[in-house]
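Dear colleague,

I am handing over the structure we spoke of, and below it you will find what came out of going through it. Please read the notes with the model open beside them.

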Amino acid sequence: MKVKQLAAAVTLALGAMGAQAQVSDGVIKIGVLNDQSSLYADLAGQGSVVAARMAVEDYGAAKKGMKVEIISADHQNKPDLGSQVARQWYDVDKVDVIVDVPNSGVALAVNQITRDKGKAFLVSGAASADLTGKACSPNTIHWTYDTWMLANGTGNAIVKTGGDSWFFLTADYAFGHALERDTEAVVTKAGGKVLGKVRHPLNTQDFSSFLLQAQSSKAKIIGLANAGGDTTNAIKQAAEFGIVKGGQNLAGLLVFLTDVHGLGLQTAQGLILTETFYWDRTPETRAFAKRFQQANRGIYPTMVHAGVYSSVLHYLKAVEALKGDEGAKVIAKMKETPTEDPLFGKGRVRQDGRKVHPAYLLEVKKPAESKYPYDYYKIRAEIPADQAFRPEKDGGCSLVK
Amino acid sequence: MTEVFGVPTQALFGQLLIGLINGSFYALLSLGLAVIFGLLNIINFTHGAQYMLGAFCAYFVLHKLGLGYWWSLAIAPLAVGLLGAVIERTMLKPLYKLDHLYGLLLTFGLALIIQGIFRNEFGSSGLPYPIPQELTGSRNLGFMFLPNYRAWVIVASLIVCIGTWFVIERTRLGAYLRAATENPALVQAFGINVPRMITLTYGFGVALAALAGVMAAPIYQVSPQMGADLIIVVFAVVVIGGMGSIMGSIVTGFGLGVVEGLTKVFYPEASNTVIFIIMAIVLLIKPAGLFGTQK
């Protein structure tokens, strides 16, 4: 398969003639790097490009005389390919900041390259909490969510309601391992037990063998430490094998709005999940979602899309204040400045690169409760920002003193 | 409870059965490929996309026409098979005289285009398709719960596979087909319309892919990627079975499904590579495949 360099380069603002001296070559170039063709393409994909574009428009970059350009590429979930694109972007195409990058394997690679090249990296799509733990970097901010937060939200909620024995179905790469590790820690801390686990390859079609193993483990909860198409296939097939009817319950540790849409409420109803953004929460988020879906083939924004929007907005703010776009300096400025935007409200970026904001424990509605398109969740609880994410001192990040 | 390598025998039976179910899809798809390659000498890389079209067709039939699964089993193969016939007439026909490579490139390109269009239109998360009412539920076999729908998949695909093999290897029509691939001019001299027969054969091979797509729809998400993920494995199955061998593709399809199922128990991390390891070994020892004949 050839490198599909998506050439959708969008020149947004051909602003004033006199470019600012300290912005490298006069243009702020944003590279959206994600999965555009496979199992994570709906939850990130082109939608993230749309979100970045909306952020640039809403910031009014053109009016302020800032020249911003957005390019995008498909990393096909391959760390080697993602690294190659990142290097080319930084070295040849003069990209200043890479955003999104779902798939923790690719994100960890880009994290290192960004640090070596002295650029900036705003993670929205990737989940591994290692990005602000042992792999933390002065050039990276992890924006939207992470595996610790998912484990803490969904894992905790389930253990508290009696789900004290677990079996994990884990996607066999960096993300799955991190999510499994963090959830296992929550489960054992709350007095629960992990009876077994099975690691499946990324992008698996048939889960029946794994589900059968989970079934024979007799665990009360089957924890799905995977995402996107893997999660939806596992949930759908679990219904077929009568797992829930047999008294076991599924815990989708990372479920996105687009996954619920793909499953249909009939299959997805009752699932408990944790996200940091739900479009139908406030008038501001609803207004955003309405504009977003018009530009994104009718698909409503996931938290990954919202994170791209919010992080690009804050990035532009920092660049304007600094009048420069040097990677580590912008990231430092972003950490200094409190964040505020219509989607996540008020928040801040910690020294380890973790952006903190509240998380929401959600429940998927029954088909009868859903009144309009994408009316999928009930908000069960809000986890305050200071409890939603791993305490800074526990991550083992070298930047925290 | 007795155990084999630390796995209870009961659990093992379950895994064997599941392997057979997945093998049914491999068999159905590789059968279509084998028919097309054996009789037309075309390496049909569009097969995965046509399988996906079958599943989407089932989805449209349900949501646009309001007709259920059983109708789809007839409508989808017909519609997609017809589309296949059009592709054969308009695009593949001029390529027969050229090297295999040209047909491969054309069909590969077509697959990318079709998948791209569907991804653009429907996204990558897939669409839900319910299991038909009559086949919901499952039965307890003692060692596992077998969903009724999966039992149906094994039975249906076995019937289709054996039926196809019978038609091609044991009937007069099949004899014509095989003769036409050996020496089209001679068969034409007997008054048989060879080009039409070839078009119909391609259409039939494609219809088999669409049928597999309809059967897969209730199990997997109906998604533009579903064929692309599967087609590489299916090609490996065809290579292991012997390019163009009908029986070879059926037996290897089911057999490799079982092998893959067992890998998922003993070493799950390798479950998506085991088929390719077998392919490499078979190619080293018997380059024409297990059931192929050296030409």
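I begin with helix α12 (residues 327-336) of chain A, in which A:G327, A:V330, A:I331, A:K333, A:M334 and A:K335 are buried, where buried is taken to be 20 or more other C-beta atoms within 10 Å of a residue's own, exposed 12 or fewer, and partly exposed in between, with C-beta atoms placed from the backbone. Among the elements that cover these buried residues of α12(A) are α3 (104-117), β5 (120-123), β6 (140-142), α11 (303-322) and β13 (345-349) of chain A. Helices (H or I, at least four residues) and strands (E, at least two) are DSSP runs, numbered from the N terminus.

Before going further, please keep in mind that this is a predicted model, in which local features need pLDDT of at least 70 and side-chain atom pairs count only at pLDDT 80 or more, while totals for chains, interfaces and linings use all residues. Residues are numbered from 1 along each chain as its sequence is written, and chains are lettered from A and ligands numbered from 1 in the order in which they are written.

The model scores ipTM 0.80 and pTM 0.84. For chain B the average pLDDT (the predictor's confidence in each residue, from 0 to 100) is 89, and 97% of the residues score at least 70. Within chain B, confidence is highest in helix α2 (residues 47-63), at a mean of 96, and lowest in strand β1 (residues 3-4), at 65.

Chain A has 13 helices and 16 strands. Its radius of gyration is 20 Å, close to the 21 Å that the globule rule gives for 401 residues, so chain A is as compact as a globular protein of that length; the radius is taken over C-alpha atoms, and the rule is 2.2 Å times the number of residues to the power 0.38. Of these 401 residues, 61% count as buried.

One of the buried residues is A:A109, which sits in helix α3 of chain A and counts as buried because it has 22 C-beta neighbours inside 10 Å. Leaving aside residues up to four places away in sequence, A:A109 touches A:P79, A:G82 and A:S83, a contact being two C-beta atoms, placed from the backbone, that lie within 7 Å.

Chain A also holds an open sheet of 4 strands, in the order β8-β7-β9-β10, with parallel pairing; strands pair if DSSP finds at least two bridges between them. β8 (193-200) and β10 (249-252) of chain A stand at the edges, each with a single partner strand, so one side of each is left without a neighbour in the sheet. From one strand to the next the twist averages 20°. Strand β9 (residues 221-225) of chain A is joined to β10(A) by 4 bridges, and A:G223 has A:A251 in β10(A) as its bridge partner. Helix α5 (residues 174-189) of chain A lies across β7 (165-171), β8 and β9 of chain A, running at about 170° to β7(A), where axes are lines fitted to C-alpha atoms, for helices over the stretch in contact, and angles run from 0 to 180 degrees between N-to-C directions.

Finally, how many residues does each chain bring to the contact between chain A and chain B? Chain A gives 35 residues and chain B gives 32 residues. On the side of chain A, β8, α6 (208-216), α7 (228-240) and α8 (257-263) each supply at least two residues, and α7(A) gives the most, with 6 residues.

With best wishes
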